[in-house]
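Morning, everyone. Please look at the screen, and I will walk you through one protein.

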Amino acid sequence: MKSKKLLLLYAVALTIVLATMVRIRNSRPVPLPTRDYPEIAEEGILRLVTEYNKEGYFISGDTIEGFHYELSQVISELSGLEVRLQLEMSLPESFRALNGNHTDIIARNIPVTSENKEEYLFTVPVIFNKQVLVQRKAGYNEGAEPIRNQLELGGKTIHVPKNSPALLRLANLAEEIGDSIYVEEDPLYSTEQLLILVAKGEIDYAVCDQQTSLKYTGQLPEIDIETDISFTQLQSWAVRKSSPILRDSLNSWFHQIRENGSYDLIYKRYYK
């Protein structure tokens with residue numbers, strides 16, 4: 001009798017587990033058919049994913065702003081395609097959307113590394129950038145001078161947003177200096193918010209790309225961004241390896257944008 005009850009219990013438990021697995025599987029986004037430029041042109045819609053910040057897409061009053069948003073609007077005019085934007089702060093999630101064909105382009109400043117180039121195609125550089133250490137100036141840090149030698153980062157704790165592109169560079173840097181660098185990935189705060197925490201003295205160190213940090217030096221006189229963490233990097237938009245025609249089309253549009261002066265106007269609005 002006990003055996004029958006036990007078998008029944010196992011059967012019920014197995015049914016629940018299988019039903020849960022089916023629900024989880026069904027809740028995952030189903031990959032869509034692969035798209036390259038011919039399919040995009042036929043539909044007339046170009047799908048981009050970018051960040052919700054001043055570099056990607058940002059609402060200021062009744063105005064939509066953003067470096068990549070403005071570039072996408074010029075591309076829309078040149079190509080005659082309707083641009084539809086998705087917002088995603090996580091770069092890994094953006095790559096998953098790209099892999100599943102839920103977006104055509106990741107429009108953000110992505111470092112073009114050898115690892116990334118193995119899996120994705122990248123446009124011509126959208127911007128030149130590098131990672132810098134964000135810390136407080138001596139006058140706002142009880143007289144302690146800012147770190148200037150990367151060897152001094154051994155044993156320090158550095159804060160970055162979750163899934164930050166700086167993670168790989170910090171791991172490599174720890175190997176280069178032969179010491180531990182403790183990295184705290186913050187799941188809630190963006191790069192800009194971490195800069196404010198450094199300025200307030202709530203954290204001591206963060207890593208940020210130079211172009212972003214330069215925009216805040218006027219608003220946050222406490223921060224020092226003079227110590228480089230990486231060399232200057234090419235940063236570009238990414239597409240799938242199965243979308244070479246789209247990549248070539250983007251390169252052509254970027255060339256036209258630079259030639260007609262649109263790029264310089266947009267760049268100066270956000271980075272100068």
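This is a predicted model: local features need pLDDT of at least 70, side-chain atom pairs count only at pLDDT 80 or more; totals for chains, interfaces and linings use all residues.

Ser72 is buried, because its relative accessible area is 1%, and buried means under 20%.

Where does Ser72 sit? Its place is in helix H3. Look at the neighbours. Leaving out residues up to four places away in sequence, Ser72 touches Leu48, Val83, Leu85 and Trp237. The side chain of Ser72 also has a polar contact, at 3.3 Å, with the side chain of Gln73.

Now zoom out to the helix. H3 covers residues 67–79, and its partner here is helix H9, residues 244–259. How do we describe such a pair? For two packed helices, we give the angle between their axes and the distance between the axes. The axes of H3 and H9 come within 10 Å. They cross at roughly 105°. So H3 is roughly perpendicular to H9.

Which residues make this contact? From H3, they are Leu71, Val74, Ile75, Leu78 and Ser79. From H9, they are Leu250, Trp253, Phe254, Gln256 and Ile257. Sort them by class. The contact of H3 with H9 has 8 nonpolar residues, 2 polar ones and no charged ones.

Next, helix H4, residues 91–99. Which of its residues are buried? The buried ones are Leu91, Ser94, Phe95, Ala97 and Leu98. Around the axis they cover an arc of only 155°, so they lie on the same side of H4.

What do they pack against? Strands. The buried residues of H4 pack against E1 (45–50), E5 (105–111), E6 (120–122) and E13 (233–240).

After H4 comes Asn101, and its phi is positive, near 65°.

Last, the whole protein. How many helices and strands are there? The protein has 10 helices and 13 strands. It has 272 residues, and 45% of them are buried. Then there are the contacts. Take those between residues at least 6 apart in sequence: 75% of them join residues at least 24 apart.

Conventions
Residues are numbered from 1 along each chain as its sequence is written. Side-chain values use heavy atoms; hydrogens and water are left out. Axes are lines fitted to C-alpha atoms, for helices over the stretch in contact, and angles run from 0 to 180 degrees between N-to-C directions. Helices (H or I, at least four residues) and strands (E, at least two) are DSSP runs, numbered from the N terminus. Angles under 35 degrees count as roughly parallel, over 145 as roughly antiparallel, 65 to 115 as roughly perpendicular and the rest as oblique. Contact means heavy atoms within 4.5 Å. Ala, Val, Leu, Ile, Met, Phe, Trp, Tyr, Cys and Pro count as nonpolar, Asp, Glu, Lys and Arg as charged, and the others, Gly among them, as polar. Buried means under 20% relative accessible area, exposed over 50%, partly exposed in between (1.4 Å probe, protein chains only). The arc is that of the directions from the helix axis to the C-beta atoms. A polar contact is a pair of N or O atoms within 3.5 Å; within protein, one must be able to donate a hydrogen and the other to accept it, and residues adjacent in sequence count only if both atoms are side-chain atoms.
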